[in-house]
Amino acid sequence: MKKTSDFEFNDMQGLLRFGYGGLTDTCFMLLDVVNVEMAREWFATAPVSSGIKASSLPDTAMQIAFSKEGLSALEISKTIIEGFSDEFIYGMVRSSNCSRRLGDVGRNVPKSWKWGNGTVPHVLLLLYAKQGGIDAWRETVEDELFKKAFRLIRLLPTTDTGDNRMEPFGFEDGISQPTIDWTLRQSTDSHERDRYSNLLAAGEMVLGYKNEYGQYTERPLIDPAKDPLAEHLPNAEDDPTLKDFARNGTYLILRELGQDVSGFWQFLDKVSDSEPDKREKLAASMVGRERDGTPLIAEHIPGVSRKDHGNNFTYDLDANGMHCPISAHVRRANPRTGDLPPGATGFVSQLIRILGFGQKNHDADLVASSRFHRILRRGRSYGPTLFPEEAIQPNAPIAERGLQFICLAANISRQFEFVQNSWIINSKFGGLQQESDPLLGDREPLLSGENTDQFNHFDPLGAKQKVCHLPNFVTVHGGGYFFMPGLRALKYISSLTTKGSHNES
Amino acid sequence: MTPQSTFMIVATVNVGQLKKLRDLLGAMNKIPGHADPENALIPFYKFDQLHFARFVIIEANTAHEIREFGVNPRPWRPTLAFLGDVDGDTHTFLADLVSNAEPGLKAIFSHCEDFSEENLDILQWLQAHDIRPNANYVNWLGRTVKQIREEIVLHQTLSRYLQEIAHDVDWEDIRTVRQKLLSHVEMEKHKGRLTLSLPEPTPREWKIRNLFHLLGVPLILLILSPLLLIALPFFALRLRMLERSDPELFIRPSYEHVKVLSAQEDWDVSNQYSVFGDVKPGLFRLLTFKFILILTDYFARHIYNRGFLARIKTIHFARWVFMDNNHRVFFASNYDGSHESYMDDFINKVGWGLNLTFSNAVGYPTTTWMIKEGAQREHAFKYTQRRHQIPTEVWYKAYPGLTAVDLARNSRIRQGIEVRQENDAEIREWLRLI
């Protein structure tokens, strides 16, 4: 495969390729299937947007994903469901261990979620429209058949964004995204990928393709001899005798995150002695970017201007976090590390590093290589805009604000759960102490009693500035794992029949 | 310097007593799999030389896998292992253990074979059932529990004090800041709230043995090198043949199994890991495995004893032990972070090292030339290691909440107290740690 156009975009839902940023209005629905036959009938003609690039921006878009409960409700065979990963099958609330790892403890405990604790709604329907067009689009979608087939479990709040790319705290969002190697030309061999690169193997984001290990992620494969309906599914690349149910599909991870915007800015204002400059600087060091998205790291990738976009930098020259604190949110979420610690120039220095030597800094090489832990973010924020200047006022208007965090990944455990656990929640990330993510941390102390609610940064003289007793700025209100199928797989789902299982027909 | 040593008391569980034993051990825990340090059976908190300890019931859940090689599984009965890592020699610890926990030890080991409570010298019995690791890793040779605890207090004292004075000091005048901290340390020492003990002298006998080992292993290899050189092409040929023909077992572990294991994980910043499986059949694999472990032990003992095992800085202690007359192998480690991150480190940072050792074990993903592929076959690797992992009944860590990186940092803070930094940049670097 050499050209971008060779990729099976026509079989892939568009969200894998586009953020639909131009479609500013959204309606995200969690549905339960109440009539299986009718639901299938509806899916059969649902105008799901594919990954093909249109010549002009479409007026609307629709994306569909299923929870495991949804696949079961639609009578997908047990063997197919068992082919998915444990994380998908057993869910985001599968065990107290999982909740501990994801930081779903304390105020975030699933017991207090608005949805997703226990069973997850069957279907996640994402509707997008141009400004002002969402109501009409929703009306079109919710036809008679739809109303008979589904029951609305929860309408996830979203706010039409307009031109606003700000998340509720007031920072430009969605800057760091992996570039997917649609032409499948980049090597995944570690010996050619010492340094951080934003170009990512398609298999990290889309099931059925080679991932960064050059391997195919686990997924349901079907023997077409036993299941004639599978005939129209794509072949499995790693075993052409089998059909690949998940090819061109991916996992969609959804978390409803409430953001306490006035709590955030008021806390910052308090610890900055109400000095706007100081407050702004502290906020930027917590996030790891200024509010307009400018990174705190001076550009040093040769030949690329810092103004190009906020992505051409690594933290290699800022190992101690003097410029961008190690705990800064964007540094945790994507530490921009390569396979080897920086400085390897030739075979010998590579070998020295592989053996663990040649590190100038004691805290070097504590963070895993980034390319195995990337996610594609597709979230949308909700709630009325509240600017920091208003937010610090004691009478700041109260409203529900937050983010419908959506990300796509082929391996929930290695990508989303790893990032959330080892990088975001971990109070020992990169050799830190007592610090969790300044925005997302759950603030629960360790079992030993050690705090995790601090944030440290350095002033220009190198003196450590400690901010203690960070309150919760973000609270989890719900979440679930979904499978966003390729379009042929969606066709397969809609063509199942209840009487006489497809296995026997 | 006080060198560390290990113990691993192993005994077969009596027929019909497995459940009773498991319940008894479970009663030692405060939370799933984690010992209450003050439990009545083995009051771990009393042993100030004990770093980590665990009780694990070794069961051969994956014994059938060797059938893929056309070999019938050997019988294996559930075996209780009590293992740990201590400062000083094993004998002294075991004696201390007996004097503090004799009734508890008897209650536990009475579920095992050839243990009769009457007329038994329990210390002798423990020693007779103690097996030695084939390779052993200590994160920081000579760092004692006592030192770790003293340095925790030092770090907390300095950290608190620095915060108190942060607003009143002139950060341009960094030497004065240091002086204030040093004076505070002296004051706290004087008040008896802080102790920084000097290291004990290194035992002579240990020094001599260590020197013999340091020189002996390379010397023997040097003497054997002509033979090894001649054998090398045959070794390579045979290796490639086996790598092509050895079955790769791509079996997903059951979720029930994963649930049991994960229920014990991620309570603290560190976790335990115990894994048990078969050595691949044939003398070639066994000798290769043994040879690699001799090298592993050598490098761990003499080179990787200062906070890192190749690129991994998150392992506190680890050991490899042959069991069942060299037919089976047991691996145990204490590591920081989640299981997922531990495995990703294994794959991405030291995959080559893991491949060298465990490619000789049944179920390990196919390697090429012993170092390539293997662990990098992500799913096959993650499946096999989880499948072969066994739950730990009781686990004890002497310093909860602290990672190996924390411990190393605390030691560096202490060094900064004892050895004056040469310039302002070094002082700032030191202050950054606090």
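**View 1. The contact between chain A and chain B takes 37 residues from chain A and 38 residues from chain B.** Two residues are in contact here if their C-beta atoms, placed from the backbone, lie within 7 Å. Helices (H or I, at least four residues) and strands (E, at least two) are DSSP runs, numbered from the N terminus. This is a predicted model, in which local features need pLDDT of at least 70 and side-chain atom pairs count only at pLDDT 80 or more, while totals for chains, interfaces and linings use all residues. Residues are numbered from 1 along each chain as its sequence is written, and chains are lettered from A and ligands numbered from 1 in the order in which they are written.

**View 2. An open sheet of 4 strands in chain B has the order 6-8-9-7, with antiparallel pairing.** Two strands pair if DSSP finds at least two bridges between them. The edge strands, each of which pairs on one side only, are strand 6 (135-138) and strand 7 (270-278) of chain B. Strand 7 of chain B is joined by 9 bridges to strand 9 (residues 328-336) of chain B, where B:R328 is the bridge partner of B:D278.

**View 3. A:D339 lies in the loop between helix 10 (329-333) and helix 11 (347-354) of chain A.** A:D339 is buried, because 25 other C-beta atoms lie within 10 Å; a residue is buried if 20 or more other C-beta atoms, placed from the backbone, lie within 10 Å of its own, exposed if 12 or fewer, and partly exposed in between.
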